[in-house]
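My notes follow the order in which I looked things up.

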Amino acid sequence: MKPAPFAYRPAPSVAGALDVLATEDAVALAGGQSLIPLLNFRLARPEVLVDLNPLTELDHLEISQGSLRIGALTRQATLQRSPAVAAGWPLLTEAVSHVGHAAIRNRGTVGGSVAHADPAAELPVALAALDARFHLRSGSGERTLSASELFRGPMTTALETGELLVEIEVPPAAPGVRMAFLEHARTHGDFAVAGAAVVVVPGERAAIALLGAAPVPVRASAAERAFLEGADGAEVARLAGADVGDRYRRALLTTLTRRALERVLA
Amino acid sequence: MTTRLVGAPLTRREDARVLRGETRYVDDIAIPGVAHAAFVRSPHASALIRSISVPQPAQADGLLAVITGRDLDGLRPFPVMEPNGARVAEGEAHPVLPLDDVRYAGQPVAAVIARTRALAEDAAELVEVEYEARDPVLSPRASDLALMSWSRRTGDVDVAFAAAAHVVSGRYALPRLVAAPMESRGAVAEYDAGEDALTMWCSAQDIHRSRAQLSHILGRDEASIHLIIPDVGGAFGSKGVIAPEVAAIAVAAIRLGIPVKWTEDRLENLVGAYQGRGIEGDVELALSADGRMLALRARLWADLGGYLLTTTPVPPHTAATLITGVYDIPVADVEVIGARTHKVPTGPYRGAGRPDAAYMIERLVDQAARELELDRIELRRRNLIRRFPHRTPTGLEYDSGDYEHCLDLALELAGRDEPSRTRPADTARGTGIGMYVERAGGAFESARIELHAGGRFVIDSSSSPHGQGHDITFAQIAADRLQTEPGMIELRFGDSASSPGGVGTFGSRSVAQAGSAVALAADAMVGEGAGLAAHLLGVDVGAVALTAGGFVGSPEGGSEALSWPELAEAASDPARTPPARDPGPLEAVARFESANVFSSGAHAADVDIDRETGQLTIRRLVAVDDAGTLINPLLVHGQVIGGVVQALGECLVEEAVYDEDGQMRSGSFLDYSLLTAAEIPPIITGEVETPTPLNPLGAKGAGEGGAVGALPAVANAVADALGGRHVEPPYTADKLWRALHEPVSGTRSEPMSRR
């Protein structure tokens, strides 16, 4: 479990990192909680590792014009401990507490979790439920994607070669919004088998994002519509799980959605 | 003798050192110029080796040598134990490195020695092995080769079954598990050509077995192998046989003339270290109309893997011989077939056959209670063994025990402070009892004790610890007998240069065997001390007695006391030691040997299953264990908790999963799940102390009981929650959900085929 040889380059600046990522067989190292094991298993064999950790400008967590702006290098533990996040977007506080264990969250970054796009990861699903916007930067400029545009498949995003996720923007929380994140995992801290992130303003807005329904975070749009039309929690939950083929997984997603709804409506 | 210390819950003296990170594990052994080994491993579960092409040292940075099976002429494969009465196949022992074929994915095929481990892994990628893959055999029932087998038929079983009012049968299976010690395996080998002496530091359970295995494999006298066991970060049975890789680096060190280190990484440990359990069986019980157990039939298949390692035949033999459990079943017909499959070999893992037996018989007894419509506790009471020694129909002799007392205490503790009676909606609730008896102790160990200046004792024990707490436990035993304080006693372990003869640390035997040897050595030291004191006091040795203040003569001889420090001084003084004795420290040696002793216990579990998610919650576990006389109840408690937690892992999540090609699908901790503290329920322990008559301490073994009893207790509780439906562990949420929501497919209880 030693990585194949690679060159290590601490990023001098975002622009410098983008340059290496664009011109060499390079991958970006953030918290390393997934990448380092992949290197050690020799499943990833880049020639160059660009270490983003020196880029303090990517390590920020602030509220700007009501939106939450999360620098890609923000540690998961920072997100978890932020009183501002807990007050405005408690879904994130709840979801991030399920990410691995404390030592992993101390090092692991929010941007790394998003860019790695593990289908069993919590943060992409929570961010999808919150209509987060993902700011990407490359040598040729910036672009902003939604969750459905960013997450393309298991461990696959729309990030192109030479492009870096620099910031995640979570829109302002609506007055009266309620949110809950529930998941099922084999053990505490393990990757989730299934999960449901629910963000609702009764009568006005509903976002239900599912973990484990597909290889990417999915929004249960039929369930969301039914909720707005006044369907009860059990029916909304049934619709959320309706497209899942495996009976057990369907039951799990339906139950988690229903319980999440019960919690926000309690 | 007063027992001030035996029975006292003293903490381990190494705790501070361990907690501060001051321990020295094998990877911490730093020798200048040491080279590192990495291994090329088979990607196939079963394949012929067509050719192996290896890089030359000049072709890879830092490469020193590549060793394959062709370079190992004259080496022997692993020695293999033959458990009592078992047939063990010839020619199926694990080779250090294979010549012609590979029999499990992950099998080491070539050793690559380089300046660093990373360079060795780089160079390993240049080794080209041409394989001709074959279809692997993965199910023990589908295998046509028995690596071991054992059977025993006592009494007229067929007649008993024919006459029985009820016959209850069950089919059971336990998956393979990995031991997952925090410190993986590893060794450092250094060779002195001038002295023809091989020195090895090895992460192992004991020096004796490891050295004997190395001696056999390398064809080298034990005396020419100096084996040192530094601190060991857990073993759970998985370090009782050296790794083939360890033998390979010994060869490398000898051939290259430089020290070589191999530190097993987690990936290697998961795919290459021998696994535990992996057994299935059909068991049938004949009962009278009033619920008396009349006879038992069992046919077990153990999934032994591709080769025999030294102790591979032991767990299935143990499972088969313990299959009648704590019950007085007069006749039995039991057979176990240890089948060759194309997986890594199995071997002892905490319990090593004991949980397997307890799981099968205890599930069957619950099933019998259900079918006979008898209370499951009452059915047990009617059949418990009550008279000792008890000879089982499988040929074991249980020395002592009080099984009903264990059961009563478990029920009492389970009835006290019940966990919340409020059952959440959509919850299936179950309770279960699991009883067990376990083979502990047996064979010999020894100890040497020396009296040093100031009354300090140094004891060399033949046994060595890997977390159990031998040090304080043995100090307690000796201090009572020597009428001194534990602080005056230093224990030394794990160095073949100073260790007296012994067997090893395994099978819940250290206190019973090595502790008894320490007791006898201490007694002998008291005899030595008395002899010297008598000489100095000018009285007959029979008139000398040891008190807390030292040796005193009889009242008629005066009240002068001679302390251990005074004796230590006198022993080395030519003017004061008896003429017949050479001046020098007092010393004594003792060897202790006995038959097996049998620990036992009763565990009780309360479980909830969430009907909607299938999630199993173990609400509480009660563990009552009878390990005989307890020397250190604190450490016994720790052993029970640790064992229970491993059993709960087995119940909830642990399983080595292989796909249809024989690839292990749980080859990292991402997939092979271990419990965290969050999953551990309240564990309530209770002790019963039925001393064994077979050793001077009355002590049995406490190392494995926790892992043995909790499994059947939880299994019975889960079946209870499922309305009697049987599901095999691990009780994962999807499995339980399907058991609750999907109809039973096929018939599970098939009549057993008779041969």
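**Entry 1: the sheet**

I traced an open sheet of seven strands in chain B, in the order β3-β6-β1-β13-β10-β11-β12, with mixed pairing. I kept in mind that this is a predicted model.

Which strands sit at the edges? I found β3 (63-68) and β12 (225-228) of chain B there, each pairing on one side only.

**Entry 2**

I picked one pair from chain B. Strand β10 (residues 186-192) and strand β11 (residues 197-202) run antiparallel and share six bridges. In this pair I looked for the partner of B:Glu190, and it is B:Thr199 in β11(B).

Next I checked what packs on the sheet. Helix α4 (residues 207-218) of chain B does, and it touches β11 and β12 of chain B. The helix direction makes about 145 degrees with that of β12(B).

**Entry 3: positive phi**

I reminded myself that most residues other than glycine have a negative phi. Then I noted two exceptions.

B:Asp196 has a positive phi of about 50 degrees, though it is not a glycine. I located B:Asp196 in the loop between β10 and β11 of chain B. Is B:Asp196 buried or exposed? It counts as exposed, because it has 11 C-beta neighbours inside 10 Å and the cut-off for exposed is 12 or fewer.

B:Phe236 has a positive phi too, near 55 degrees. I found B:Phe236 in the loop between β12 and α5 (244-256) of chain B. B:Phe236 is buried, because 26 other C-beta atoms lie within 10 Å and 20 or more is enough.

**Entry 4: cis peptide bonds**

I recalled that most peptide bonds are trans. Where did I find cis bonds? One runs from B:Phe388 to B:Pro389, with omega near -5 degrees. B:Pro389 is in the loop between α9 (376-383) and β17 (390-391) of chain B.

Another cis bond runs from B:Pro729 to B:Pro730, with omega near 0 degrees. I placed B:Pro730 in the loop between α15 (705-721) and α16 (733-741) of chain B.

**Entry 5: B:Asp100**

I ended with B:Asp100, in the loop between β4 (87-88) and β5 (101-102) of chain B. B:Asp100 counts as exposed because it has 9 C-beta neighbours inside 10 Å.

What does B:Asp100 touch, not counting residues up to four places away in sequence? I found B:Leu48 and B:Ile49. I also checked B:Tyr131, 31 residues from B:Asp100 along the chain: their C-alpha atoms are separated by 9.8 Å.

How values were computed
Residues are numbered from 1 along each chain as its sequence is written. Chains are lettered from A and ligands numbered from 1 in the order in which they are written. This is a predicted model: local features need pLDDT of at least 70, side-chain atom pairs count only at pLDDT 80 or more; totals for chains, interfaces and linings use all residues. Two strands pair if DSSP finds at least two bridges between them. Helices (H or I, at least four residues) and strands (E, at least two) are DSSP runs, numbered from the N terminus. Two residues are in contact if their C-beta atoms, placed from the backbone, lie within 7 Å. Axes are lines fitted to C-alpha atoms, for helices over the stretch in contact, and angles run from 0 to 180 degrees between N-to-C directions.
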